[in-house]
Amino acid sequence: MNSGGMNSRIGYIAFNTFREAVRDRVLYNLIAFALLLSGAAILVGEISIDIERLVVVNLGLTAVSLFGVVIAIFIGIGLVSKEIDKRTLYTVLSRPVRRWEFVVGKFFGLTGTLVVNTFLMAIGVFLALLYVAHKFEKMDVWVLVALYFIVLQFLIVCALALFFSSFSTPLMSAVFSFALFVIGSLAEDLRGFARITHGVGGWVATAIAYLVPNFSALNVISQVAHGDPVPGRLILYNTVYALLYSAMAISGAVLIFQRRNLK
Amino acid sequence: MAAIEILDLEKCYLVGFWRKRRKLALRPLRLTIEEGEVFGFLGPNGAGKTTTLKLLMGLVFPTAGSARILGMDMDDPRVKSQIGFLPEQPYFYDHLSARELLNYFGQLSGVPAKGRSARVEQMLARVGLSDSAGMQLRKFSKGMLQRVGLAQAILHDPKLVFLDEPMSGLDPMGRREVRDLIQQLRHEGKTVFFSTHILSDAEALCDRVGIIHQGELRGVGAIAELTSERQGKIEIIFHAQKVPAGLTSLGAEARVSGDMVNAVLPEGQQDAALEVLRRDGLKLISLTPVRSSLEEYYIQKLRPTDVQREVRQEDDRKGVGV
Ligand SMILES: Nc1ncnc2c1ncn2[C@@H]1O[C@H](COP(=O)(O)OP(=O)(O)OP(=O)(O)O)[C@@H](O)[C@H]1O
Ligand SMILES: [Mg+2]
């Protein structure tokens, strides 16, 4: 078995995961998104001229992020555990598929689905921008960067959902993943709080602040809504951070799954 | 070379929520299956058949022991491209059609892209699913899923096939087809290891059978030897208080139970035996060819011997809280 064969198996598994998500009508969330965004764009176009862009970018990107996080968590927790429960895994693992290849393939399948979903939503956001501002501006490039960061968030959320579901129930995994998303979105505040706290509390706060995924650094929505640029250093830092963080969570999931007796 | 060499595989589950108890699903199992052999794995519900197959497939991990498959260690990844597996009550991705599923599994098994779809169509035809090949699997009946399961097990032309209750859920025609399929695999020189409850299937198909009960291999026998022993005998049952002398002289093995006598004797003595009954005025209840010798063997092997019973009690005592 050469490495080409290995990579192609991961690709096949990823594609099958994507196909399953599409056939399970996951992309239907786009309809709700489109309705929300066009409603907001029309409404805001009626009432004001100055804050139109601000509202559309803020609301649009926040919706992209929340819709995606919900999808990432709800599919992520079932990626592997559902296949164990339904025993669809039996006939996959009795083929030349390593368990880690299966986990990584499933992960890529879900993140691929989210990339496609985000891409389609991004088109919606830019159409809404065009509708309210009648033209594109140079600062709209930063909206693309914000969208890229949102995709990085999805990588981490998917990896965490997969990690939690490798040892706990679907419900608990969803709760853990969502809690980490909320806490991680406040990571910068936590870090600030940790700096001014002393003693044991300070240690604990510091540990938590640096262990939870730093979603706040990945959230530049209000910044780009105001048209402020995103420093190149942050783009690089965030990319490396998100890749490392999700790789660690996936490795954890693989380590647990590799030892697991299927029911 | 042996196709399967099981070296004291053992599986112990921890059951119970609070006070965990050890449950031995499979006692150390030692068994060798030769290449080209069709081997039947028989045993009652909960005997450990599925557990054995899941251990060999690497779906669960043994608490002790190991196995070699086709000369390789059982967790050598190369093994998997040469074996096929049909799980018990198989279930598949229900968003796919049968054709898409087989195509996907063909990809995972490394079936070359060239000729893959032809192979898929061939397998669909072989299990009689050509007409429903495009339908989503969520709409398949249990027996249809079983057929898909058979198709995916032989899709990549494996040397060795593991089938967990291949006939279950099938209609009479389906059973017949699976029997033919296993025969065909034998002619192609494949090794087949299958579990079943249906003794007549095992008798018709297997070179050898193994009998497992309560996680313990009770016996392994060649079908040819088992059947030669008791072929050509009949069993007659009739009302009587004691065995008539005339019957014993015909070479009957007879025993009395209640007011009935049960006698087994060579087929050729049938008329003479009936003549004895008529002369003594005894009422015949039934006359049947002797039931399959495999059935006899099976039932005999399920009876616990005293030694085995003792061992079991000792094991249960050892099942301590964890
Ligand atoms: N995950 C598990 N946890 C605890 N015990 C288990 C588990 N899986 C199987 N067992 C036990 O192991 C024993 C053997 O089960 P197994 O499924 O191998 O039986 P089987 O021979 O396949 O039976 P059947 O003919 O009903 O399919 C049973 O007593 C069962 O209760
Ligand atoms: Mg079973």
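The structure is a predicted model, in which local features need pLDDT of at least 70 and side-chain atom pairs count only at pLDDT 80 or more, whereas totals for chains, interfaces and linings use all residues. Residues are numbered from 1 along each chain as its sequence is written, chains are lettered from A in the order in which they are written, and side-chain values use heavy atoms, with hydrogens and water left out.

The size of an interface is often given as the accessible area lost when the parts come together. Chain B and chain A bury about 2800 Å² between them, with 54% of it on carbon and sulfur atoms; buried area is the accessible area (1.4 Å probe) that two parts lose on being put together, summed over both. In terms of contact (heavy atoms within 4.5 Å), 32 residues of chain B meet 30 residues of chain A. Across this interface, 17 residue pairs are in polar contact, both residues being at pLDDT 80 or more.

On the side of chain B that touches chain A, strand S6 (83-86) and helix H2 (98-108) of chain B each supply at least two residues, and H2(B) gives the most, with 5 residues. The residues of that side divide into 15 nonpolar, 9 polar and 8 charged.

Side chains of opposite charge can pair when their charged atoms come close. With a salt bridge taken as a side-chain nitrogen of Lys or Arg within 4 Å of a carboxyl oxygen of Asp or Glu, the whole structure holds 21 salt bridges over all chains, and the count between chain B and chain A is 3. One of these joins A:Arg23 to B:Glu100, at 2.8 Å from N to O. B:Arg138 forms a salt bridge with A:Asp24, where the closest N and O atoms are 3.9 Å apart; this pair crosses from the loop between helix H3 (116-126) and helix H4 (142-154) of chain B to the loop between helix H1 (3-23) and helix H2 (29-47) of chain A.

Conventions
A polar contact is a pair of N or O atoms within 3.5 Å; within protein, one must be able to donate a hydrogen and the other to accept it, and residues adjacent in sequence count only if both atoms are side-chain atoms. Helices (H or I, at least four residues) and strands (E, at least two) are DSSP runs, numbered from the N terminus. Ala, Val, Leu, Ile, Met, Phe, Trp, Tyr, Cys and Pro count as nonpolar, Asp, Glu, Lys and Arg as charged, and the others, Gly among them, as polar.
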